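Work through the exercises below with the model open beside you, and try each task before reading its solution.

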Amino acid sequence: MFEFNYLQAKSLSEAAAFVAANPDAKLLAGGMTLIPTLKQRLAQPSHLVDIGALPELRGIEVKAGKLVLGAATRHHEVAVSAVVRQALPALAYLAEQIGDPQVRNRGTVGGSVANNDPAADYPAAVLALGATMVTTRREIDAGDYFQGMFATALEEGEIIVRLLFPLPQRAAYAKFPHPASGYAMAGVFIAETKTGIRLAVTGAGPGVFRWSEAESALTTDLSPAALEKLSVDSADMNEDIHATREYRANLVKVMAKRAVLKLLES
């Protein structure tokens, strides 16, 4: 780990101003991605600006038909929240499946979305539900936010403050986790809305994406059988020592069917 300076921000405005003035500084909330990166000497920030305890970034509530999560809300808090379980139980379930107890008790919603790891769970819910990222500068729609592997629409010094999740009629999440890390080798979040079915896939490709063919088929016939004749192009999937492209493409279909079944049972 390289040497760095540590600053515990007293306010969101202080953190934003400091990061803007120090381009080599990094924000620290849960640190579940940043700290391992530092330990492997893959990053060399001048400062770590700790924003994890800022009250402006905390809180869970339902407001104007949307579930509002502060960016520094931890995965465990989402998983056990009575508000989330009542308003959007699929999101509570998703949070409960992340990593292990240590990760769930330290990792944050905003950190996961800001990092945009291609195997992270939250991006699937964000995209499927059409969530909005409220930052220190603007509001960003989910459709414009994700821009590829570890890439987002966030600008330098821009901080996610809260996430707004429109409440669907019902939703479900199913994933095939990597046995060691718990990351999604393929995860599917499905939401039934007033305008039809939205379905987003994480873990299988270089970034989260919507499976539009499945959405159309399921809007017409909401059943696992509607997916039977569909397939995902394996050329667009990731490949590594854990799974081939073809295997991941098949996993997407299998997880989509399981998500539909969970949706119908909800």
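This is a predicted model: local features need pLDDT of at least 70, side-chain atom pairs count only at pLDDT 80 or more; totals for chains, interfaces and linings use all residues.

Residues are numbered from 1 along each chain as its sequence is written, and side-chain values use heavy atoms, with hydrogens and water left out.

**Exercise 1.** Determine whether His-75 is buried or exposed, and list the residues that it touches.

Solution. Begin with the position: His-75 belongs to helix H3, residues 75-80, where helices (H or I, at least four residues) and strands (E, at least two) are DSSP runs numbered from the N terminus. Next take the relative accessible area, which is 5%, so His-75 is buried; buried means under 20%, exposed over 50% and partly exposed in between, with a 1.4 Å probe and protein chains only. Finally, look for contacts, meaning heavy atoms within 4.5 Å: not counting residues up to four places away in sequence, His-75 touches Ala-95, Ile-98, Val-103, Arg-104, Gly-107, Thr-108, Val-109, Ser-112 and Tyr-122.

**Exercise 2.** Find the buried residues of helix H10 and state what they pack against.

Solution. In H10, which spans residues 212-220, the buried residues are Ala-214, Glu-215 and Leu-218. They cover an arc of only 100 degrees around the axis and therefore lie on the same side of H10, the arc being that of the directions from the helix axis to the C-beta atoms. An α-helix has 3.6 residues a turn, so residues three or four places apart point the same way. The partners of these buried residues are strand E10 (184-193), strand E11 (196-202), strand E12 (209-210) and helix H11 (245-265).

**Exercise 3.** Describe the geometry of the aromatic pairs, of which the structure holds two.

Solution. Rings of Phe, Tyr and Trp (its six-membered ring) pair if their centres lie within 6.5 Å, and planes under 30 degrees apart count as stacked, over 60 as edge-to-face and the rest as tilted. Tyr-145 and Phe-146 have centres 5.0 Å apart and planes at 90 degrees, an edge-to-face pair. Tyr-173 and Phe-189 have centres 6.0 Å apart and planes at 35 degrees, so this pair is tilted. As for burial, Tyr-145 has 0% relative accessibility and is buried, Phe-146 is buried at 13%, and both Tyr-173 and Phe-189 are buried.

**Exercise 4.** Classify the residues that line the second largest pocket.

Solution. The lining has 14 residues, with Ala-119, Ala-184, Gly-203, Asp-240 and Arg-248 nearest the centre of the pocket. A pocket is an open set of points on a 1 Å grid over the protein atoms alone where a 1.4 Å probe fits, with protein on both sides within 12 Å along at least five of seven lines, and lining residues have an atom within 4 Å of a point. The lining divides into six nonpolar, five polar and three charged residues, where Ala, Val, Leu, Ile, Met, Phe, Trp, Tyr, Cys and Pro count as nonpolar, Asp, Glu, Lys and Arg as charged, and the others, Gly among them, as polar.
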